[in-house]
Amino acid sequence: MTAPATIPSDFVRRSVVLAAANGVDLAPALDAARISRAVLAHPHARLTPEQVTRFTQKTWELTGDELFGLGPGPVPRGTFRVMCLTLIHCRDLAQALERMIEVNRVLPTLPRLRLTPGPQTTRLEVVLPEPCDDKTRVIIDFLLILLHRFAAWLVGGRVRLASVTVPYGEPDPVLAKNYDAIFGVPVTFDSDGAALEIDNAALRSPIVQTEETLEDYLRESPNLMMSERDYDSTAASQVRRIFESGIEGRTATAEEVAEMLSVSAPHLRRLLRQEGTSLGQLREEVLRDTAIAGLRRGEPVDALSARLGFSEPSAFRRAFKRWTGKTPRAYR
């Protein structure tokens, strides 16, 4: 069984700080998700999709608000469900996005959405007041990811983006790379707006979901949004899936991985370089995510070390400290 990609703790940390500033204590949400304060304090710590899902669900329960009380007005529980029910019977993604804009206009407490068609791409923008403060950044991150992943779920396939822009400054390089990985394209920071630029070919994709599958989606929300990688078909995602396939995949050489993908090793390296990553980096990410998932399930360090192919537990402990800034014992 493979482990879903882990998530930087920064999103949860910022939500907790902002909630506290508004007089809301999210300690019960952290406890429900088993997120320690020590892990939250480390800027590059990682959380599992299950942890972030449980944190989000508990925060919704505590605030009664689907935007955590951070939006321009209250967003009562069930708002997203009502919007989804208006989209699920649309013929294709283009019609679903147009319907989403219509519904958005009559729900005044939701952040404004704007759809701007073009000859090759269509811009889906989240319109929020300036300046872009920490509260606005949390809303932008949440909504852009939600819009992109939900669109992919509706059509049961990848929704290719031409670009992603956000109106705030670039975080440190480690966190910036996470944004690129989430959306599948390099994210432009310090832009004049928050938007997804969608390839028009994707808008012609038919809606394949139903009211029945929607209920399942909403029941698990936001787990799929956090764990699915947008049905990604990039070279990096294909290599990652090979590494996730087990110990043989993780130890495969560049030539062996390239052969599995029916390309040459130099061409594979060139593709990964264009996507801002490498075989070594992807291998490390898979090991890190699998290690974190194993620890969360209570797997003993010695057994986990052996399963991941480390020569001895001390080597695994050093690697884990390098990945997360914490020892396995402290992280657990």
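A search of the whole structure finds 12 aromatic pairs. Rings of Phe, Tyr and Trp (its six-membered ring) pair if their centres lie within 6.5 Å; planes under 30 degrees apart are stacked, over 60 edge-to-face, the rest tilted. This is a predicted model, in which local features need pLDDT of at least 70 and side-chain atom pairs count only at pLDDT 80 or more, while totals for chains, interfaces and linings use all residues. Residues are numbered from 1 along each chain as its sequence is written, and side-chain values use heavy atoms, without hydrogens and water.

**Stop one.** Select F150 and Y217. Their ring centres are 5.5 Å apart and the planes stand at 55 degrees, so the pair is tilted. F150 belongs to helix α7 (residues 134-155) and Y217 to helix α10 (residues 211-220), so the pair links distant parts of the chain, 67 residues apart. Helices are DSSP runs (H or I, at least four residues), as are strands (E, at least two), numbered from the N terminus. F150 and Y217 are both buried (under 20% relative accessible area, with a 1.4 Å probe and protein chains only).

**Stop three.** Go to Y179 and F189. Here the centres are 5.4 Å apart and the planes are at 80 degrees, so this pair is edge-to-face. Y179 sits in helix α8 (residues 173-183), F189 in the loop between β6 (187-188) and β7 (194-199); the pair ties together parts 10 residues apart in sequence. Y179 is buried at 11% relative accessible area. F189 is buried too, at 13%.

**Stop four.** Select R137 and Y168. The charged end of R137 sits over the ring of Y168, 4.8 Å from its centre (cut-offs: NZ of Lys or CZ of Arg within 6 Å of the ring centre and within 35 degrees of the ring normal).

Key. Buried < 20%, exposed > 50% of the residue type's maximum accessible area, 1.4 Å probe, protein only.
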